[in-house]
Amino acid sequence: MWQAEHVRDRLALLYPQCSIEILGMTTRGDQILDRALSKVGGKGLFVKELEVAMADGRADLAVHSLKDLPMELPSGFTLSTVLEREDPRDAFVSNDYASLADLPPGAVVGTSSLRRQALIAARFPALVIKPLRGNLDTRLAKLDRGEYAAIILAAAGLKRLGLPQRIKALIEPEQSLPAPGQGAMAIEILSSRSDLAEMLAPLNHRDSALAVTAERTLSRYFGGSCQIPLAAFATVDGPIMHLRAMVATPDGLQVAAAEISGPADAPAELGQRIALILQERGAVAILDACRDA
């Protein structure tokens, strides 16, 4: 809802003559909280109802957290806009400990992400990692009740909802490479709505859009979803893009990683290049092992 209100307010400033309404909806991803996303259908659970509303004419656009958006959109839909990226890092949240390194052996860490699970397990094999679902308030409440010694969340969500004080430590990409699109918001519309695409164009942030295009190209190459621990993070420095990526088994015991640089204005090609490098380093076998688990 914060994301929808943010886009509404941005559009209201650009087009004060327009009436902009929010159609609040609850998706299957919001409703199923007792199982891991990777077991019940993945990222598509957060978007299907919104796409139906657009197809039916009840809504003109949908605002998404990009990391939760499937890599392949249904026919007839397109991502028109990527807003400027918020902090892409993971956040360590705990009431008793300052960082992952401070947690004692056997401490329980909560995360909803196989990617985070793999990265934590690789660095701290003595920790116990358990699933964590629900909205932000629900996850923080579980931490506060003592069900977890710490939880790992996206820094962007905490900052957007005015809760930066809950972050004990930000985990740098070198230690926890973000998910493709993490920290970025995107707007989805019907492919036929060129009028809307033109209206939304001023909200598009070029560098953010280039970076997430590279990340999502890589993820799409490997069939990226909640079922596989895959990370990708691109940064743009003028004409150059730097892209890092990783795939791993959930236990963190098998990892394939790579990093490359190239022209920022060719993000899809960069995503393809790093995918081929990862493939040469055993990524396919690792991902096959994940799917068979």
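These legends describe close-up views of one predicted model.

Local features are given only at pLDDT of at least 70 and side-chain atom pairs only at pLDDT 80 or more, whereas totals for chains, interfaces and linings use all residues of this predicted model. Residues are numbered from 1 along each chain as its sequence is written, and side-chain values use heavy atoms, with hydrogens and water left out.

**View 1. The sheet β9-β10-β11.** This open sheet has 3 strands, in the order β9-β10-β11, with antiparallel pairing. Strands (E, at least two residues) and helices (H or I, at least four) are DSSP runs, numbered from the N terminus. Two strands pair if DSSP finds at least two bridges between them. β9 and β11 are the edge strands, each pairing on one side only. Neighbouring strands are turned by 10° against each other on average, direction ignored. Axes here are lines fitted to C-alpha atoms, for helices over the stretch in contact; angles run from 0 to 180 degrees between N-to-C directions. Helix α9 lies across β9 and β10, at about 150° to β9.

View 2. β10 is mostly covered, with 7 of its 9 residues buried. Buried means under 20% relative accessible area, exposed over 50%, and partly exposed in between (1.4 Å probe, protein chains only). Antiparallel β9 and β10 are joined by 8 bridges. Leu230 has Val247 of β10 as its bridge partner. Phe233 stands opposite Arg244 in β10. The β9-β10 hairpin has 2 residues between the strands, and its Gly238 takes a positive phi near 65°. β10 also pairs with β11, in the antiparallel sense, over 9 bridges. Met246 has Ala257 of β11 as its bridge partner. The β10-β11 hairpin has 6 residues between the strands; Gly252 in the turn has a positive phi of about 75°.

**View 3. The largest nonpolar core.** A nonpolar core is a set of buried Ala, Val, Leu, Ile, Met, Phe, Trp, Tyr and Cys residues joined through side-chain atoms within 4.5 Å. The largest one holds 25 residues; Leu218, Phe222, Met241, Leu243, Val247, Ile274 and Leu278 touch the most other members. Two or more residues come from each of α9 (206-221), β9 (230-237), β10 (240-248), β11 (255-263), α10 (267-280) and α11 (283-292). Apart from this core lies another, of 13 residues, including Ala91, Tyr148, Ile151 and Leu158. In soluble globular proteins, nonpolar side chains tend to be buried together.

**View 4. The surroundings of Val247.** What does Val247 touch, not counting residues up to four places away in sequence? Its contacts are Pro229, Leu230, Gln254, Val255, Ala256, Ala283, Ile286 and Leu287. Contact means heavy atoms within 4.5 Å.

**View 5. The sheet β1-β8-β2.** Another view shows an open sheet of 3 strands in the order β1-β8-β2, with antiparallel pairing. Its edge strands, each pairing on one side only, are β1 (62-65) and β2 (77-82). Neighbouring strands are turned by 35° against each other on average, direction ignored. β1 and β8 (residues 185-190) pair over 4 bridges in the antiparallel sense. Val63 has Ile187 of β8 as its bridge partner. Helix α4 (residues 48-55) lies across β1, β2 and β8, at about 40° to β8.

**View 6. Helix α6 and its covered face.** Which residues of α6 (residues 136-144) are buried? They are Leu136, Arg139, Leu140, Lys142 and Leu143. Seen down the axis of α6, these buried residues fall within an arc of 155°, so they line one face of the helix. The arc is that of the directions from the helix axis to the C-beta atoms. Their cover includes β3 (90-93), β6 (150-154) and α7 (155-160). At the start of α6, a side-chain oxygen of Asn135 reaches to within 3.2 Å of the backbone nitrogen of Asp137. Just after α6, Gly146 takes a positive phi of about 85°.

**View 7. Lys159 and its partners.** Lys159 is found in helix α7. It counts as partly exposed, at 31% relative accessibility. Leaving aside neighbours within four places in sequence, Lys159 is in contact with Glu86, Asp87, Arg89, Pro164, Ile167 and Leu170. The side chains of Lys159 and Asp87 are joined by a polar contact of 2.7 Å. A polar contact is a pair of N or O atoms within 3.5 Å; within protein, one must be able to donate a hydrogen and the other to accept it, and residues adjacent in sequence count only if both atoms are side-chain atoms. Glu86 lies 73 residues from Lys159 along the chain, with their C-alpha atoms separated by 8.6 Å.
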